[in-house]
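Please keep the sequence and the structure in view while reading.

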Amino acid sequence: MSETLHGPGALRTDPMPAWTQHHYGGIETVALANIDVPVPRRGQVLLRPRATALNNGDIRLMRGEPLLVRLAFGLHRPRQSVRGMDAAATVVALGEGVTGLAVGDEVVGELPGGGGLARYAVCPAARLVRRPPGLDPAVAATLPVAGGTAWQALELGGVTDAAAAGGSPQRVLVIGASGGVGTFAVQLAAGRGAEVWALCGERNRGLVESLGATRSFDYNAVQPGSPELGEGRFDAVLDIAGTAPLRMLRRLARVGGRVVLVSGEGGRVWGPIGRLAAASVLSIGSKRPLRPLAAVAKPDVLAELVGLAVDGRLRPVVERRFPFAEADAALARVADGHVAGKVVVLAE
């Protein structure tokens, strides 16, 4: 592909390869094609992704489920036809009004709606954080959505740094501890001095314990309500799996503790809306409230995560790296629903 600069910060290229979809559905709707290079608007930059990490959100958008999401992302087809919300990338052109970044800068950030599974992508400059030279692009790409969600879940759950606060260590239960968000939540909670208990698949118990979990349980044998977990033992419960009955989740928390609902299952149309509404009703006047999490892109949090990863205090788990030519297989792996950590697609 040829690249030619025309004027300051402007880039013109031939059509670029991208994994695109033109209607909602499964993996069969995604195909490699040549499309126009996006043009950065005011406040945006044009990026060349070096690595793109995939999330469950990419699969939900690919399928257009629950149907409610289509109100925001396109009724009949996704407005953004390219999946991939997390990217470590090189800045190749600046839109009007962008300051603080320059062509050639290495950055990491969350792309609104996607776009990472392409040769080029656009992103608001305000969402981007510089990637230090010592941080592997594939590792950096895992941080924005999954790492940011885990961080915000702990904040909503009231999990603080025990040593800094001068208090006793908190006990935190992570349900769904071996996935992308879960592996970050375990590490971040342990890093704050918490005693972490984890529910995950049997084959991943060693992994989550290596990340800082004090105790782990096979979710096929132990669930909320099982005697192994008891009642009223936890200062915070992070429900990432999203399937346990709400009343059972609430009984796990001590008085004054919180249950954070990171995700939730539901019907094809409304998704987790009913579950979240029920949680709000159950929390009225409760001393063990259920708190739904609506995670958003927070560059300041991402900068903290980058720093922790560079220092070695955070170890993102990358299950597998796929070449760009096999991005459809990478999406299929995430859609399978049993990824330990993250799946990353590397640019050519």
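Which residues in α4 meet which residues in α10? L143, P144, G147, G148 and W151 in α4 meet V301, L302, E304, L305, V306, L308 and A309 in α10, where contact means heavy atoms within 4.5 Å.

## Basis of the report

The model is predicted, so local features need pLDDT of at least 70 and side-chain atom pairs count only at pLDDT 80 or more, while totals for chains, interfaces and linings use all residues. Residues are numbered from 1 along each chain as its sequence is written, and side-chain values use heavy atoms, leaving out hydrogens and water.

## Helix α4 with helix α10

The residues of the contact of α4 with α10 divide into nine nonpolar, two polar and one charged. In this classification Ala, Val, Leu, Ile, Met, Phe, Trp, Tyr, Cys and Pro are nonpolar, Asp, Glu, Lys and Arg are charged, and the others, Gly among them, are polar.

The axes of α4 and α10 lie 10 Å apart, and the helices pack at an angle of about 100 degrees. The two helices are therefore roughly perpendicular to each other (65 to 115 degrees; under 35 is roughly parallel, over 145 roughly antiparallel and the rest oblique). Axes are lines fitted to C-alpha atoms, for helices over the stretch in contact, and angles run from 0 to 180 degrees between N-to-C directions.

## Helix α4 with helix α6

Helix α4 (residues 143-156) also packs with helix α6 (residues 180-191): their axes come within 8 Å and cross at roughly 50 degrees. α4 and α6 are therefore oblique to each other. Helices here are DSSP runs (H or I, at least four residues), as are strands (E, at least two), numbered from the N terminus.

In α4, L143, A146, G147, T149, A150, W151 and L154 take part, meeting G180, V181, F184, A185, L188 and A189 in α6. By class, this contact has ten nonpolar, three polar and no charged residues.

## The largest cavity

On a 1 Å grid over the protein atoms alone, a cavity is a set of points where a 1.4 Å probe fits but cannot get out, and lining residues have an atom within 4 Å of a point. The largest cavity has a volume of about 90 Å³, a volume being the space filled by probe spheres set on the points, which are joined across faces, edges and corners.

Its lining includes P144, G148, P299 and L302. Helices α4 and α10 (299-311) each supply at least two residues of that lining. By class, the lining has six nonpolar, two polar and three charged residues.

Notes:
On a 1 Å grid over the protein atoms alone, a cavity is a set of points where a 1.4 Å probe fits but cannot get out, and a pocket is an open set with protein on both sides within 12 Å along at least five of seven lines; lining residues have an atom within 4 Å of a point.
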